[in-house]
Amino acid sequence: MVRAIMHGCNGAMGQVITNLIAEDPGIELVAGVDINTEQKNGYPVFASLAECDVEADVVIDFASAKATDALLAAMVEKKLPGVLCSTGLSEEQLEAVKEASTKVAILKSANMSLGINTLFKVLKMVTPILAEAGFDMEIVEKHHNRKLDAPSGTALALADVMNETMDNAYAYKFDRTQERKKRDKMEIGIQAVRGGTIVGEHEVIFAGTDEVITISHTAYSRAIFAKGAIAAAKYLAGKPAGYYDMKDVIG
Ligand SMILES: NC(=O)C1=CN([C@@H]2O[C@H](COP(=O)(O)OP(=O)(O)OC[C@H]3O[C@@H](n4cnc5c(N)ncnc54)[C@H](OP(=O)(O)O)[C@@H]3O)[C@@H](O)[C@H]2O)C=CC1
Ligand SMILES: O=C(O)C1=N[C@H](C(=O)O)C[C@H](O)C1
């Protein structure tokens, strides 16, 4: 039985994961960490991972980029593997994740769903064909009005996958409001919409002359992310130090 700590346990994702794990015989939540230490799930809740004195095999993080520095330090200190799902990390924090992964096992992914991870594979295949044929590439993402970061981690990851197939020759364009010139050929536009309770929508648009291909993914519930994170936690428990991603879990 894998013993997990839920980091961000009282948030939206923390609650969905808590409910799914309660029905799973292969994993249990032995503690939670949250800035709000209300204890409502039958496990103890601590204000930080450093303060958590409960033995565990893995930590699952869906809290906030604001918590990432302290989380990484405590994971290294405790030699505790971690599934990192929070988005909005700075360049420095992304470097710190890589550095910490030389000391402890870390699996990081901006999107834990099977659908988005399959879309990454599709984009690897189609992007070179369409980009070389001169299609313009744009990404539009939509999320709920509570989301702190924009654009989404997934939108950036989609752009990275596309750009890597083209030797990273494209620049990202997040805002055209002050522009008084034509779109640059060598850019990927990324736009964010925020409203209501939208769980998560991502649209990748390849716009050519007289034809457009749009590939979209819609999350109808947070369970798709939670299932991926639980599978990742089971995979990561007991693994040696290293940087892992969802490809390692779902192939
Ligand atoms: N990789 C993926 O597949 C997915 C990633 N995410 C990402 O996961 C993160 C959480 O999402 P979501 O559950 O919707 O967000 P919520 O705001 O609903 O939950 C986050 C929880 O963490 C708490 N928290 C905030 N700051 C800290 C801190 N410094 N230390 C400990 N706890 C803290 C929050 O408390 P309070 O409410 O008081 O601020 C809240 O209880 C986001 O970064 C989101 O983008 C979300 C879905 C899928
Ligand atoms: O904050 C969210 O809700 C989500 N965040 C992730 C992101 O930033 O890509 C993944 C998912 O789209 C939901």
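Helices (H or I, at least four residues) and strands (E, at least two) are DSSP runs, numbered from the N terminus. The model is predicted: local features need pLDDT of at least 70, side-chain atom pairs count only at pLDDT 80 or more, and totals for chains, interfaces and linings use all residues. Residues are numbered from 1 along each chain as its sequence is written, and chains are lettered from A and ligands numbered from 1 in the order written.

**Exercise 1.** Find which residues of helix 2 are buried, and what they pack against.

Step 1. In helix 2 (residues 68-78), Thr 68, Leu 71, Leu 72, Ala 74 and Met 75 qualify. They sit on the same side of helix 2, because they cover an arc of only 170° around the axis, taken from the directions from the axis to the C-beta atoms.
Step 2. The buried residues pack against strand 1 (2-7), strand 4 (58-61), strand 5 (82-84) and helix 3 (91-100). Contact means C-beta atoms within 7 Å.
Step 3. Just after helix 2, Lys 79 has a positive phi of about 55°.

**Exercise 2.** Explain why Val 58 counts as buried.

Step 1. Val 58 belongs to strand 4.
Step 2. Val 58 is buried because 24 other C-beta atoms lie within 10 Å.
Step 3. Beyond four places in sequence, Val 58 touches residues including Val 2, Leu 80, Val 83 and Ala 237.
Step 4. Ala 237 is 179 residues away along the chain, yet the two C-alpha atoms are 5.5 Å apart.

**Exercise 3.** Name the residues that come nearest to ligand 1.

Step 1. A residue is near if its C-beta atom, placed from the backbone, lies within 6 Å.
Step 2. Of the 24 residues around ligand 1, Gly 8, Gly 11, Met 13, Ala 67 and Cys 85 come nearest.
Step 3. Helix 1 (residues 12-22) gives the largest share of the shell, three residues.

Methods:
Buried ≥ 20, exposed ≤ 12 C-beta atoms within 10 Å, placed from the backbone. Contact = placed C-beta atoms within 7 Å.
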